[in-house]
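Here is a briefing on one protein chain. Keep the sequence and the 3D view side by side as you read.

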Amino acid sequence: MELTARKKQILKVVTERYIDAAEPVSSKYIAQAMGGAVSSATIRNELADLVELGYLEQPHTSAGRVPSPKGYRLYVNELMERRSVSDQEAEQISAALGGKMRELDSVIAQAGQMVASIVSYPAYAMAAGKGSVTARRFDLLPVDGNSFIAVVMTNDSRVKSQLLHTPVAVDGEQLPVLANLLNSHFTGVSAEEMGEKLMGLTSQLPAELFMPLSLAVEYTTAVIDQSEHSRVYTTGQTQLLRQPEFQDPVRADGLMSLLTDRKADLPVLDENTPMQILIGPENVNEALKDASVVVASYDIGENMRGLIGVVGPTRMDYAAVAARLSYFAESLSRMFGKSNQLPPKEDDKS
């Protein structure tokens, strides 16, 4: 059943009032908000219809109404006024991104911290590859007779290094030869292919060369495996406890546990989706059934993309969160693209 314009207007009033006040909305408030153009009796009838249709709910202890997940979804899809960031918010984001953030993992972690401070809800951030991770370059640095440092750069611009120990002596002068062998045969291939190539060299190299080569390949496959399993950074969890819905520790426990101990279960986006809003039961994870998530993606380059998500009550201010998160994601894409320009605000776009 398609809602009438008046029912949609009432749903919009109830939703926006509940977002602001976190209290069930009375028919008296709705009548005042609509300028007295609709009688209280008519409003009560419309509210009853909206409850019956599943767009509103009536808490047992109150005569007022609150939006249901279905009501929030209609609000987000049709009734919510799209916003752009204010000049002050744009300046805040610009200042936050003005600092030097060089290491990719540091950028991701700091991005989550910045978003949490801007939206006042918990946030999470991660990097995800658009394709498989491979090694781009190897360097082997001598340490002593039985040790060397393996340095691996992956195709997503991560640089990892580790001190490796061998049971046989390593001739430091042979390390450049091994590095050339690694760069010639073990770059741009999957971890599985690296193992096959290594086995193919078993009978062709003496033990004093095969052993350090094998250690370097084993370390590289571990780096690739780690890179393909995105690390998730969460921040601002205590912001959740400031919301009326989660001041009850029992109700907040599952969500806090998800944000702290089970971060890998937080929602991610399909590769071609720039932003998504998941409301209550639309979230697969049981801990998010009473919460909403807004997730946005940005382009890191080098076949990588970043994800930033905001977790809050279903009562969150979707328009404000979506506007800030979208602007922030666009700003990060610009930063990684080295254009050094922030995206224009909606008012500035032609």
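In this predicted model, the axes of helix α1 (residues 5-21) and helix α3 (residues 40-52) come within 10 Å and cross at roughly 85 degrees. That makes α1 roughly perpendicular to α3, a label for angles of 65 to 115 degrees. Axes are lines fitted to C-alpha atoms, for helices over the stretch in contact, and angles run from 0 to 180 degrees between N-to-C directions.

**How to read the model**

- Residues are numbered from 1 along each chain as its sequence is written.
- The model is predicted, so local features need pLDDT of at least 70 and side-chain atom pairs count only at pLDDT 80 or more, while totals for chains, interfaces and linings use all residues; side-chain values use heavy atoms, with hydrogens and water left out.

**Helix α1 and its partners**

- On the α1 side of the contact with α3 sit Arg-6, Lys-7, Ile-10, Leu-11 and Val-14. They meet Thr-42, Glu-46, Leu-47, Asp-49 and Leu-50 in α3. Contact means heavy atoms within 4.5 Å.
- The residues of this α1 and α3 contact divide into five nonpolar, one polar and four charged. Ala, Val, Leu, Ile, Met, Phe, Trp, Tyr, Cys and Pro count as nonpolar, Asp, Glu, Lys and Arg as charged, and the others, Gly among them, as polar.
- α1 also packs with helix α4 (residues 69-79), at an angle of about 105 degrees and with the axes 10 Å apart. That makes α1 roughly perpendicular to α4.
- Residues of α1 that meet α4 include Leu-11, Thr-15, Tyr-18 and Ile-19. Among their counterparts in α4 are Tyr-72, Leu-74, Tyr-75 and Leu-79.
- The contact of α1 with α4 divides into seven nonpolar, two polar and four charged residues.

**Whole chain**

- The chain has twelve helices and ten strands. Helices (H or I, at least four residues) and strands (E, at least two) are DSSP runs, numbered from the N terminus.
- Of the 350 residues, 47% count as buried. Buried means under 20% relative accessible area, exposed over 50%, and partly exposed in between (1.4 Å probe, protein chains only).
- The accessible surface comes to about 17500 Å², of which 47% belongs to carbon and sulfur atoms. The areas come from the Shrake-Rupley method with a 1.4 Å probe.
- Among contacts with a separation of 6 or more, 60% join residues 24 or more positions apart.

**Nonpolar cores**

- The largest nonpolar core has 60 residues. Those with the most contacts inside it are Ile-30, Val-115, Tyr-298, Ile-308, Tyr-318 and Phe-328.
- A nonpolar core is a set of buried Ala, Val, Leu, Ile, Met, Phe, Trp, Tyr and Cys residues joined through side-chain atoms within 4.5 Å.
- Ile-308 touches Val-115, Tyr-298, Phe-328 and Leu-332, among others, not counting residues up to four places away in sequence.

**Ser-331**

- Ser-331 is found in helix α12 (residues 318-336). Ser-331 counts as buried because its relative accessibility is 2%.
- The C-alpha atoms of Ser-331 and Ile-93 are separated by 8.2 Å. The two residues are 238 residues apart along the chain.

**Positive phi angles**

- Most residues other than glycine have a negative phi.
- Ala-22 has a positive phi, near 60 degrees. Ala-22 lies in the loop between α1 and α2 (27-33) and is partly exposed, at 22%.
- Ser-120 has a positive phi, near 65 degrees. Ser-120 lies in the loop between α6 (104-119) and β3 (123-129) and is partly exposed, at 37%.

Methods: Angles under 35 degrees count as roughly parallel, over 145 as roughly antiparallel, 65 to 115 as roughly perpendicular and the rest as oblique.
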